[in-house]
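Trainee: I'm new to this one. Can we go through it together, a piece at a time?

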Amino acid sequence: MDDTKDFGTPKKVADKTVSLTIDGMNVTVPEGTSIMRAAAEAGLSIPKLCATDSLDPFGSCRLCLVEIEGRRGYPASCTTPVAEGINVKTETPKLEDLRRGVMELYISDHPLDCLTCATNGDCELQDMAGRVGLRDVRYGYEGENHLDSIKDETNPYFTFDPSKCIVCSRCVRACEEVQGTFALTIDGRGFESKVSAGNKDFLDSECVSCGACVQACPTATLIEKSIIEQGTPDRKVTTTCAYCGVGCSFDAEIQGDQVVRMSPNKNGGANKGHSCVKGRFAWGYTTHKDRITTPMIRKSIKDPWQQVSWEEAISYAASEIKRIQKKYGVNSVGSISSSRCTNEEVWVVQKLTRAGFGNNNIDTCARVCHSPTGYGLKQTLGESAGTQEFDSVMKSDVIMVIGANPTDGHPVFASQMKRRLRQGAKLIIVDPREIDLVNNSVHIKADYHLKLKPGTNVATINALSHVIVTEGLLDEEFIKARCEKEDFDLWREFISQDKNSPESLEEEIGIPAETIRQAARLFASEPNGAIYYGLGVTEHSQGSTMVMAIANLAMATGNIGREGVGVNPLRGQNNVQGSCDMGSFPHEFPGYRHVSDDITRKTFEDAWGAKLQGEPGFRIPNMLDEAISGTFKALYCEGEDIAQSDPNTQHVTHALESMECVIVQDLFLNETAMYAHVFLPGSSFLEKNGTFTNAERRISPVRKVMKPKNGYEDWEITQLLSNALGYPMNYKHASEIMDEVARLTPTFKGVSFKKLDELGSIQWPCNDEAPQGTPTMHIDEFVRGKGKFFITEYVPTSEKVNAKFPLIMTTGRILSQYNVGAQTRRTKNVAWHKEDLVEIHPHDAEERGINEGDWVGITSRAGETVLRALITERVQPGVVYTTFHHPESGANVITTDNSDWATNCPEFKVTAVQVSKVSQLSGWQKNYKDFSKKQINFAKESAAKIN
Ligand code: SF4
Ligand code: SF4
Ligand code: SF4
Ligand code: FES
C-alpha cells in the first residue's frame, strides 16, 4: 500500500466485513468504512477537499458526491458508510457536472495566482480543479469576495492567508482531533465564515505551533514559511526526530542539499503523522552560524583556540590520553556518551572506553535523569525499560501521571493521551504544580490533582498503596500467579502499617487523606490502570525507591502485562533509552549485564580482543569528585553539556578546570566546551545514519539527509580516536555497528538496518522469540520470572526548608525549548521562551514585595542566581519553579549535591531557597558573562585566523 496515499477517511477496524460494488469492481472492507475509503483502497479516487484520512469525515465541500443505485440524491462518499451489496458509481456525467459547479464556486473566490503561489504543484485545490475538468469560471471577482483579507504572519514558522481559504475546516479539526488544543474555530456563517484563532494573531492565540493544521490544509492558506522562502521539495528521506523521547518519524523534505520541510510520517510507529513545534519546525540549529565545523585544540583554557586539521586534533587528543594514563594510571580518564547521538555512536564510545581506555569509566546523561528508572524497574520487573507502547494508552481506563508534564515534555504522546481522556478515561495527576493536563486543556479535567509538597513522592505513593491494601482493592489473583510471595507478604505487612496511612501522612504530603483515599480507589477500581511518570519521580534522593513503589502499585493492582496498563517512564532525550541499552553505565555492559559477570565479560573480551575490567567504573559525579581531588585527569565528552545540565554548576566547572585534557565533541561551543582543550566538531542528526530508541523501546532509523558539515559522522570520529590510541576499529558504515550490537546483545539479536527498513521501527526485545519486536512486555511472566515487591520506606530529603531558606524550588521544562537549549535557542522557538523565569505564588510574591517581571534573587545553600518573576497560582504557596533552558539563568548554580541513594541521580526537584527582589545579576552570572564572552571570542579568533 502506498505510504503517502490519502485514503480520505481513517481506517476502520471491525470484526465484520462488508462487500459492495464500486464502478463495477467488487470491494470488501471492514464494516463502518466510508465509501470514499473503500474506493481508495480499491485504487479508485473520488475527488475531495474537506476529507483527509487523518481526520474524521466532515462532509462540507460536496465534491465527493457519488450515486448509489436505488438511493435518491447524491450522497457524500466521505460521510456515507459502505453497506452490503450496494452498487456505487463515482463517475457519471451528472456527478461531473455537480463537481465542476462546486469547484467553480471555490475558484471564483480564490486568487488566480497559481503560477506564483508557493504551493504551485502541491495544492489539492489546484489538483481538484484539474481533476473535475474545470476550464472556465463563469463568475467574476466583481461580487463580494475574500481576496483582500489580511495575512497573519505572526507565527515564526507558518503563515495564514485567509484570501486562499476554502473554509473546509480541516485545520480546525486537525487542531481538535490530532493535536487536542482547540485553538481554531470557524467564526460566522455562510459567506461570513472564516477560520479564527480565537480572534487573535496566531502567535498570541492558544496555538502551540504543532503544525497539524498546516499539514491538513489543502490550499496555500496555512503554509510553512520555509516553503514560501525556499520552494517545494524535490525528494525526501525518512528519519527520526532528534529532540525528545517520543521518537517521532519524519520525512525530511529536501531541495538540493537544503531541508525545506520536516513532515511527520503517517506510518511513524510513535507519532502516526503528528509532531510538535520542535520536531516539525526547529531544525534550523543544524545550519546555524554558531556551528563549529573545524577541529580546535589548545594547551590551556586560558589560551585562544587554534584551528587544526582532523589528523592533528585526533593525534593531539590521543597523545594526551596516553600521556595522562601513563602518568596517572589507567583509571584517570573516562567518557560521557550522548543520549542525543545514535545507538551506534554510543556503542563505539563505550567500546572505546572499555577496550581502548581499558576501564569502565563511561556514563551518560541518564545519570541525571532516568538512572533510577533503570535501577528500579530492573529490580522489580527485571528489565530497565517501560512496559508498553504509546498506543496502549488508548485502552487505559484510568491514567495516573506522576511528576511529568506530557504536554510540554512529550507533546505528541500527550495529544494521544488527551484523545483517550476525551473518550472518557479517568485522570489522576500527582504533581506539586498545576500542569496543563490538570485543568488547562480543553475538554480535559483531572479527576484528582494530588498537589503534593515537593520531595514527598514516596510518602504519597505509599499512602495510595496503603489504601489499596487495607481496603481490599488488591488484585490477589495476579499477585499470587505472577509475583514472589515472600516479598509480597513483607510489603503487604509494611504498607499496611499505620505510618503509611493517608491520615498519618496527610500533613507531610499536603493532601487531605480523603482525597488520597478516593484517588486510590479510582485507580484500583478501573479495569485498566496505567502509570506514566517523568523526572519528577526520578530526580529525587529517593528516585529509585519511588520507581520501585510505582512498580509495586502496578503489580498490586494487576496492571502489568497487557495493553492499557503498565509502568511507563517518559524518557527525556531522543535516545536516552538507547544510550542506556548500549552500555553507557559504568557497571553494565550493553543489555544491562553487570561488568562483574564473568561469562558476559568473556563474550565481550573475545569479540573485542581486549582485556576488560570487571569492576564498575566512575559515574559522572565520581569523575567530577576525583578530578577535584586530582586523580581523574581527562574526559572525552560527546554531545553532552555537563556544565549546564548537571547540578551544582560551580562544582562541575571546578572539576573541569582541574582536568588536564577535556575533549568535547559537539555541534556548538557549549558550556562544557568552554573548559575544553580539544574540540571535535560533531554532526547533526540530518548528517548521519544510525538508530534512536524511544521511550517505548522503539528502535527507529536515522538516515543521512545531507553530508556532514564537519566531514564525519560522530561514530567515525570516535573510531579515528580509537585507532589513534592503538585500539583498532574498522567499521565502514553504521549498519556494521548495529550488526555487532545484535551479535553481542540478546535483546537486540534480531535487529538490523535491513529489518528496520522493512518494518519501519522495532520495539526491543527483538530476537528469535520475538522476531517482530515486543510492544508489550511481561505478558505471561516478568523478565525476572516473578515480580518482586520492595519495601519502600519513606525517608524525607535532607534538603529542608528553614527560616533562611523557606521555599522549595523545583524545576521542569517548557514545550518550545529543549533541555539545555543548545539546539532550540538557535531556532525561532525563542519567540516563545526568550528567558527562564521563576514562577512564584501570589502570596509569596506579595510577602516579598515582588511584582510580575521583577528581577528576583534566588539563593540556596549551594549558590545564588537571578531571574525575572512570573506570578502564578500554578505553583502552590511555598514552592517556586523554574526551567533551565538558558545557561545564563544558572538554575543549576542553586541545585545541591543531594542525589538518589542508588544511582546518584541528582535531586534537581527539591532545593530549599529564599527569593527576594534585587536590582542586578548575581556574582556567578556576572562572572559567567565575562567568561563565556572570552571563550566565544577565543573560538571566533581562531576561525578568523584560518580564514
Ligand atoms: S499549529 Fe497546532 S495548535 Fe496551532 S492552530 Fe494549528 S493545529 Fe492548532
Ligand atoms: S485554512 Fe486551510 S484547512 Fe483551514 S479551512 Fe482554510 S483551506 Fe481549510
Ligand atoms: S514530540 Fe518529541 S520526538 Fe516528536 S516531534 Fe516533538 S520533540 Fe520530536
Ligand atoms: S470530501 Fe466529502 S464532502 Fe468534502
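Mentor: One definition before anything else: Ala, Val, Leu, Ile, Met, Phe, Trp, Tyr, Cys and Pro count as nonpolar, Asp, Glu, Lys and Arg as charged, and the others, Gly among them, as polar. Also keep in mind that this is a predicted model.

Trainee: OK. How do the residues lining the second largest cavity divide?

Mentor: The lining has 7 nonpolar, 7 polar and 5 charged residues. In all, 19 residues line this cavity, and those nearest its centre are Val368, Glu539, Ser645, Asn819 and Phe884. The space inside is about 270 Å³.

Trainee: And how much space lies in the largest cavity?

Mentor: About 410 Å³. Its lining is made of 32 residues, with Gly403, Ala404, Gly536, Thr811 and Lys909 nearest the centre. By type, the lining divides into 10 nonpolar, 15 polar and 7 charged.

Trainee: Which elements supply at least two residues each to that lining?

Mentor: Helix H11 (406-409), helix H19 (535-538) and strand E29 (807-811).

Trainee: How many cavities of 30 Å³ or more are there?

Mentor: The structure has 9 of that size.

Trainee: Back to H19. Where does Val537 sit, and is it buried or exposed?

Mentor: Val537 belongs to helix H19. Val537 counts as buried because its relative accessible area is 0%, and the cut-off for buried is under 20%.

Trainee: What is Val537 in contact with, leaving aside neighbours within four places in sequence?

Mentor: Ile402, Gly403, Asn457, Gly543, Met546, Val547 and Ile550. Take Ile402: it is 135 residues from Val537 along the chain, yet their C-alpha atoms are separated by 6.8 Å.

Trainee: Changing topic. Which residues touch the most other members of the largest nonpolar core?

Mentor: Leu184, Leu222, Ile399, Met417 and Leu427, in a core of 66 residues. The top contributor to this core is helix H12 (residues 411-422), with 4 residues.

Trainee: What does Met417 touch, not counting residues up to four places away in sequence?

Mentor: Val393, Ile399, Val401, Leu437 and Tyr532. As a general point, nonpolar side chains tend to be buried together in soluble globular proteins.

Trainee: What about the ligands? Which residues are around ligand 1?

Mentor: Phe158, Cys175, Gln179, Leu184, Phe202, Cys207, Val208, Ser209, Cys210, Gly211, Ala212 and Cys213. Helix H4 (170-179) and helix H5 (212-216) are the elements that give two or more residues to this shell. It divides into 9 nonpolar, 3 polar and no charged residues.

Trainee: Is H4 mostly covered or uncovered?

Mentor: H4 is mostly covered, with 8 of its 10 residues buried. The buried ones are Arg170, Cys171, Val172, Arg173, Ala174, Cys175, Val178 and Gln179. Their cover includes helix H3 (124-131), strand E6 (185-187), strand E7 (194-196), H5, strand E8 (222-224) and H12.

Trainee: What follows H4?

Mentor: Gly180, with a positive phi near 75°.

Trainee: And ligand 2: which residues are closest?

Mentor: Cys165, Cys168, Ser169, Cys171 and Cys217, out of 14 residues that surround ligand 2. That shell divides into 10 nonpolar, 3 polar and 1 charged.

Trainee: Last one. Which residues are around ligand 3?

Mentor: Cys241, Tyr243, Cys244, Val246, Gly247, Cys248, Phe250, Cys276, Lys278, Gly279, Pro411 and Val412. At least two of the shell residues come from each of helix H7 (277-281) and H12. The shell around ligand 3 divides into 9 nonpolar, 2 polar and 1 charged.

Note on methods
Residues numbered from 1 in each chain as written. Chains lettered and ligands numbered in written order. Predicted model: local features only at pLDDT ≥ 70, side-chain atom pairs only at ≥ 80, totals over all residues. Heavy atoms only, no water. Core = buried A, V, L, I, M, F, W, Y, C linked by side-chain atoms within 4.5 Å. Buried < 20%, exposed > 50% of the residue type's maximum accessible area, 1.4 Å probe, protein only. Contact = heavy atoms within 4.5 Å. Near = heavy atom within 4 Å. 1 Å grid on protein atoms, 1.4 Å probe; cavity = no way out; pocket = protein on both sides within 12 Å on 5 of 7 lines; lining within 4 Å. Points joined across faces, edges and corners; volume = space filled by probe spheres on them.
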